[in-house]
Every structure is written in structure tokens, then in C-alpha cells.
Amino acid sequence: MISEQLVDLSRLQFAATALYHFLFVPLTIGMVWMLVIMESVYLMTGNVIWKDMTRFWGKLFGINFALGVTTGITLEFQFGTNWAYYSHYVGDIFGAPLAIEGLMAFFLESTMIGLFFFGWDRLSKPQHLLVTLLMAVGTNLSALWILIANGWMQNPVGAEFSYQTMRMEMTDFWAVLFNPDAQAKFVHTVSAGYATGAMFVLSISSWYLLKKRDVEFAKRSFRVAAAFGLASVLSVIVLGDESGYTVGEAQQTKLAAMEAMWETKPAPAGLTLVASINEVEQKNNWEIEIPWVMGVIGTRSLSKEIPGIHEIKAKNRERIVRGIIAVNALEALRTNRQDAVAKQVFEEHKTDLGFGLLLKKYVVDVNTATPEIIERAVNDTVPRVTPMFWAFRLMVSLGFSMLLLFGLAFWSTLKSACMGKPWLLKVALWMLPAPWLACELGWFVAEYGRQPWTIYGVLPTHLSVSTLSVNSLYGSLAGFIGFYTVLLVVEMFLMVKFARMGPGSLGTGRYVNEPQFHA
Amino acid sequence: MFDYSTLKIIWWLLVGVLLVGFAIMDGHDMGVGTLLPFVGRNDLERRVVINTVGPHWDGNQVWFITGGGAIFAAWPLVYATAFSGFYWAMLVVLWALFFRPVGFDYRSKIHNATWRSTWDWGLFIGGSVPPLIFGVAFGNLLQGVPFQFDLYMVSTYTGSFWQLLNPFALLAGVVSSAMITLQGGAYLAHRTEGIIQERTIRAATGAALLMVLAFVGAGFWLQGIDGYRIASVISTNALPDPIAKTVVREAGAWMVNYGKQPLLWLLPALGIGGALLSALLLRLRWTLSGFVASSLAVLGVIGTAGASMFPFVMPSSSMLAASLTVWDSVSSHLTLGIMFWATMLFMPLIILYTSWAYSVMRGKVTAAYIRENDHAAY
């Protein structure tokens, strides 16, 4: 049996490296469009300040991008190194979007970024803008394909299990591609990235304005960021991926956990604002609720019910019991592929195979699972409620506070008054970490909320790992922590240094803080 | 459109194309990284060297990422078994690669000699370690790797990291390192002039000779190594089921394909001839032709290894039947088909815009260019 420690360490390593990677990705996704906007204005007006804006924010973009690339390779490697069984079991479906991401998007993005930085004197103005635009398109397509892969983990459509190959196989590529879960995720995630890019530019511009330096440069940057940020944060909230939560059981389970909905409530359900959660007795001690809202958001209707945790668990208990039959039939078939009886039993029960496999966390032979063990497996099927409930609420509050900030910032730029409101500039500066925190919480809700599965209903997390030694995991985890700490220190050092230096770092002679050094 | 067994062969070729593409494109960046501390003796010279690949390394690195993704999609069992089995080797490659993006982008942003020279050695590690490890990995594939599958197809690797570093594998590592150094040298010679170019050509000549020696040596050695052969009748159109076949180990099995198909001898000939020709052309200062010749050598060397192992991809030394082959470690018919068309659609586009990027940035990188672009260049 796979050691629990190995599973925990593999999960910890994946979570740590993915959360770390996700510090850099949203900023890249968002900033790249702001570069397109700034350079478009440069092309239209010919005013060189817009070129300087594109180049200076591009410099900071580059510092961030370097770490995005560095840490992205880790994630691709890690499916193979640490999640070998996962890679075998679902590679037929999951591998395809990853490979297409490389072919269609990442090649484009990475080739164009070189020309973006080095091509200013070698390309005509429209050509350079085209390069920037293609870089943005590549970046966003990249996010699309990754989220198609991730969406399939939440809602595994268009695939079927094959006992001959002992894995999931793709049956309908278009279903994987147009998975509603993936589409909702894409819109929500890239919008969050746009908001992150906007906040970055808004905060740093506010700092220049507070210091009253490079004012013309900062004012224009502030204006672009305010407008872009307002549109983006509205999109995050309105097109938030709650619309995707009605699709598939994984999302229903997640929804129930993050709303602390123990019981199925009559439609339309109320939205719980805060609650005192009692995980032991599986109820809320008290809660404050706004009637109707949850039902409307979650189902886009007044009559559909949203299942509560107890109802979900009851269903899952039945599926686990049927899953035991599926596992037995599968093991018979793996020993003798010609066993016709086992084949028929398996075909009838194979939709519950994943639930039967949940028991493998506790027993090698699923037939030996006692009622207590089955009960433990049932309880595993819903993630812990407290972290889900509060992570989601914190993320949403950060979203709404950003909406307020971008709204105020946009309004003040319309009145050209942003110079006159130091309190707003200060708030904008101090809100800088908000989008990162919100993005990381969003990732947590999506991924922790899918536990105990890597592929919902198909493959339990504890079976997905590579059969490595625990010591290997301690070693690699220590290595990642060491490398990533050093990289973060270096990156932050450069980012802060160049942000402080401001557009003067371009060496054009048009700004304060022109560097004195020479090569 | 294609039947399953045809697609399986096509994907063996396509993975080969991606590996060769990676070795030619990312390989020349890595070769430049390997040469960096030696052909650039001061900061300005090193900046010249780095800026020959500055605008391109990022795009080229995607050959590596896409190659990994394509193996994941087309050969999921190979991806799973190789990456987890070679755990520490893969982590060393990964951590070495960490030095590249930050090394390129951060190095010249600070005017401090220690800072810059630290990143130079980082770029050296990022350029020299991966090709060495990939060569060692190939050397191990040729000998078979100890892994097995259970009823559930869970793979267990029973070797250790240190076992990978056996003499034959290390020799394969030398072939790979020298090949990539030559590849980087040929590119660098084309993009530089003067003293840097001279040093580079000298280094590239040495790399070419070393590569040929090690390659020929490994070729002779290989004939004495136990190769693998499928002993049962295999239905190439069947669903992939790696443990269903019978495999035997025997001396000389890796030479069987060359006996059956003598045209395959062109591949090792291309490896040797391409490397020697490249060195010659570089000495004549026909640098672009020299780069083409070294790229052909890359094709020859990788092709030689692939052709002698076909249809094996990753033989198992501890459970012979578990050996992964092009017939039984692949994705479903549908996925192979989709991935084939995706590759056919996007690969020409990639080649097109990559060529455009190189043509925009063409010409020699000089010290004067670095001085003029002090704030923008790497």
C-alpha cells in the first residue's frame, strides 16, 4: 500500500511549487495586455512617452516573466516525476492539451518576447506592435489550454476507462475542449490575471505620484491601469466561476463545502455570509444568511435545489459500495482478459470504479473494507469545510475591495483628479498584494476543493503518486524550497530596485533617476 | 485516416523530430552557455556571447517543453516511467535549467562583477548539465532500466541514481555534451567575430573530435552490450498492453536493425561526417554551413540511437516483458490522431515565425552593439 506520508509530501511539493508558479503567471497574463494598450496608443499618437511606458513596464514584465518560465517547467516535469500513475492513467486526455499548449501558444509567446525586447530598432512600429500583440495572444492561449487540462480534472468529460490499457482514454476531443467547466475557469482566471496586472501598474504609478516624480508618465500609466482594472475586476466578479459550479458533481461538492451547506436547502437557497462551522458534528453552530441569493447565483434559477453535504455523502456511500464490485471485476479482468462474466459485471459498474478505488487508501483488498472503513472513505469525499468556507470568503472580499478601488481610481482619472487625492494613492499602493492573495486563494479553493481526487470521481489522489521513497521527497522538497527562496529574494530585489528607479532606468534622458553607470 | 499501427510509427518519428529539433535549437543555446565562461574572458565579451542567443533562447526552450508535452500525450507510459524512475536525474536537469531564464534576464541588470560572474557560471550550469544528463539517460536506455509494472500498471523503479552513472552511460554523456558544445560553437562562430570567434572555432573543433571519438567508441562498445528483442508475435494494431509480450535479452540485438536495413548506416555516417565537416567548415569561416553540418550531426547521432533500439523506447532490465515499445506504450488511436494533426498544423507555423525572428536579429553581435544598447541588451 502507498504510504500516506509519501502522498502528503507529494501533495505538499505540488501545492508549494504550483502556488509559487502562480505568483508570476497572473501578472504576466494581465500586464501583457497593458503593454498592447500602451504601445497601441504610441502607434496612434506617436507620443514617445507611450513608447517609454511600454518599455519600462515591459522591463518589469520581463523580470516577472523570467521566474514564470523557470517555475513553469517544474510543473510540467512534476506530473512525470511525482505523479507517474496519474500520468499513465489520464495522460491520454490530459497530455494532449499540455502538448497543444506548447505547440500553439507557448512557442508563439516565447518567440515573440525575444523580439519584444530586442526588436525595437529592427522592426517598424506596426511590426513591433504586432509582436507585442502576438505575445499577448500566445500568453492567453497558453492559459486557455492549461485550464482546459485543469477543467478536465474537475469535470472529466469525453473519456472512458479501458480495462485493457488500464487507463482513461479519450472518446470525444470536442467535449474536452468545450468543457463548460474549462470555459468558466478560463474567463475567471485570465480576468483575475488582468486585474493583477492592473493593480501592479496602478500601485507603482501611485507611488510615483505620491513622490511627485515622473508625473506625466505616472498619470498616464495610472489611467490605463484604472480603466483596465475596473473592466477586469468586473469581469472576475460577474463572470466569476460560480456559474461553473452547477456543472458536474465535483463542483457541486466544492460548492457545498465552500458554502458550508450541510443540508440541502429548499430552492432558492440563501447565501451564507458568515458561519460558525462545527466539523465534528457536521453542522453550523450559527450562520448569517441572505435569502435566495445562493440559489440564483448557483443555479441561475429559482427552482433548482443545490445539494448539501449530507445528501452528497449519502450518494457517494452508494457509489463506493457499487465501486467495490467494479474493482473486483477489474482485478479479475486484469488477471484474465477473456473473463466474460467479469467483463459484463465491470461494464455495468465501471462508472463507480473511482469510488471503489477510494478504499485503497485504507485496504489493499477492497473486499476487506469494514463498514467503519467505508464510512471513512465516505467522509473523505467532501473536503474539509472550514478552510474552503473562509478561503472563498476572503477571496471574494478581496475582489470586492479591488472593485471599489478601481472604481474610485477610474472615477478620479475621469475628473483628472488623481493627483489631488493622496489618500487614494496610498490605498492603491497598500492594496498591491491583494490580487496575488486572491489568486492564490482561488487556486486553493479549486484544487483543495477537489480532494480526495486528482480527477474527480475517476482517480483518487493517493493512488496518483509515483512510487518513490519518502526520503526522495524530503530531498526534492528541500531542494525546491532552497532554490525558490533564493530566486524569490533575487526577483524581489530586482523588481523593487527597478520599480524605485522608474522610467529613468531606460536611460533615455527624459526622466529622473537616470542611471550614472556605463558598460 | 491512418490506422493505429501507422500512427504509432509516425509518432516514433515525430518524437524523434522533436528531440532533434530540441537538440538543434535549444542545443545551440546550451552549447553557447557551455562555452560562455571560456570564450568570453571579460564582461563585454561575455555580453556579446550571451546576446547572440538573447532574443531566441526563450523560444528555443519551448522545444524542450513541447517535447516533454508531446511525450506525455503520445507516450504517457514512457513519460510516467522515465520521469519518475530517473527522479534525481530529472531534478538535476530541472534545477540546472532554473539558472537559464534568470541568468539571461537578470545578469546584466546589475553592474557588479561578482553578480555577473555568478550568473555566467549559472548559465554554464544551465547549458552544460542538461545535455550531459540526457546523454547519460540515453546510455541507460540502451542498457535497459530496472522497472516493473503490477496488475494496475503502477510502475516501480528499483535502481538508484548512482547506478545511472555507469561507464557506458557516462561515455554516452560525453557524446551528448560534445555534440551540444559543437552545436553551440557553430552557432556562436556564425554570430561573432574577432577573438571570440577564434576561440569558439578552436573549442568547436575540439568538441567535434571528442564527439567523433566517443561516438565511435560507444558504437563498438554497443555491439558487446545485451540488446533487447521481442520474442513473441506482436500485433502492431492492438491496444497497448506492455506486459502481454515476451522479450529476450541478447548480445548484438541492437545491431539487428542495421543488418536488416543497411541504409540505416547512413545515420552514424551522418553523425561522424557532419561533425568533422562542421569543424572543417568553421575553420574555413563558412560558419552558416558549419552550423548546418553540426545540425546534421545531431540528427545522425540521435537517429543512430533511435534506429538501433527500434521498436524499443525504454527496455526494462528487471521485468523484460514490461519493456516499453512504440507498439505498446502509446496513447489511444484518437489521441495520436489529434496530436498528429495538431503537430502538422502548428509545426510549420513555428518554423516560419522562428525563422522570421532569426532573420530580424541576423548579423554579428559586436562590442559596439552592446555599448549602444547598454540598457536594453542582456
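Modeller: Before we start, axes here are lines fitted to C-alpha atoms, for helices over the stretch in contact, and angles run from 0 to 180 degrees between N-to-C directions. Also, this is a predicted model.

Biologist: OK. What pLDDT does chain B average?

Modeller: Chain B averages 96, and 100% of the residues score at least 70. For the complex, the predictor gives an ipTM of 0.95 and a pTM of 0.95.

Biologist: Now H9 and H11 of chain B: at roughly what angle do their axes cross?

Modeller: Roughly 165°, with the axes coming within 9 Å. H9 covers residues 194–224 of chain B, and H11 covers 266–283.

Biologist: Why are H9(B) and H11(B) called roughly antiparallel, and not roughly parallel?

Modeller: Angles over 145 degrees count as roughly antiparallel, so H9(B) and H11(B) fall in that class. Their crossing is left-handed.

Biologist: Which residues make that contact?

Modeller: From H9(B), they include B:Ile201, B:Met211 and B:Phe215. H11(B) brings B:Pro268, B:Ile272 and B:Arg283, among others. By class, the contact has 13 nonpolar, 4 polar and 1 charged.

Biologist: Switching topic: how many residues does each chain put into the contact between A and B?

Modeller: Chain A puts in 63 residues and chain B 64.

Biologist: And which element of chain A gives the most?

Modeller: H4(A), with 24 residues on the side that touches chain B. Elements giving two or more residues there also include helix H3 (48–82) and strand S2 (167–170) of chain A.

Technical notes
Residues are numbered from 1 along each chain as its sequence is written. Chains are lettered from A and ligands numbered from 1 in the order in which they are written. This is a predicted model: local features need pLDDT of at least 70, side-chain atom pairs count only at pLDDT 80 or more; totals for chains, interfaces and linings use all residues. Helices (H or I, at least four residues) and strands (E, at least two) are DSSP runs, numbered from the N terminus. Angles under 35 degrees count as roughly parallel, over 145 as roughly antiparallel, 65 to 115 as roughly perpendicular and the rest as oblique. A crossing is left-handed if the near helix is turned anticlockwise from the far one by less than a right angle, and right-handed if clockwise. Two residues are in contact if their C-beta atoms, placed from the backbone, lie within 7 Å. Ala, Val, Leu, Ile, Met, Phe, Trp, Tyr, Cys and Pro count as nonpolar, Asp, Glu, Lys and Arg as charged, and the others, Gly among them, as polar. pLDDT is the predictor's confidence in each residue, from 0 to 100.
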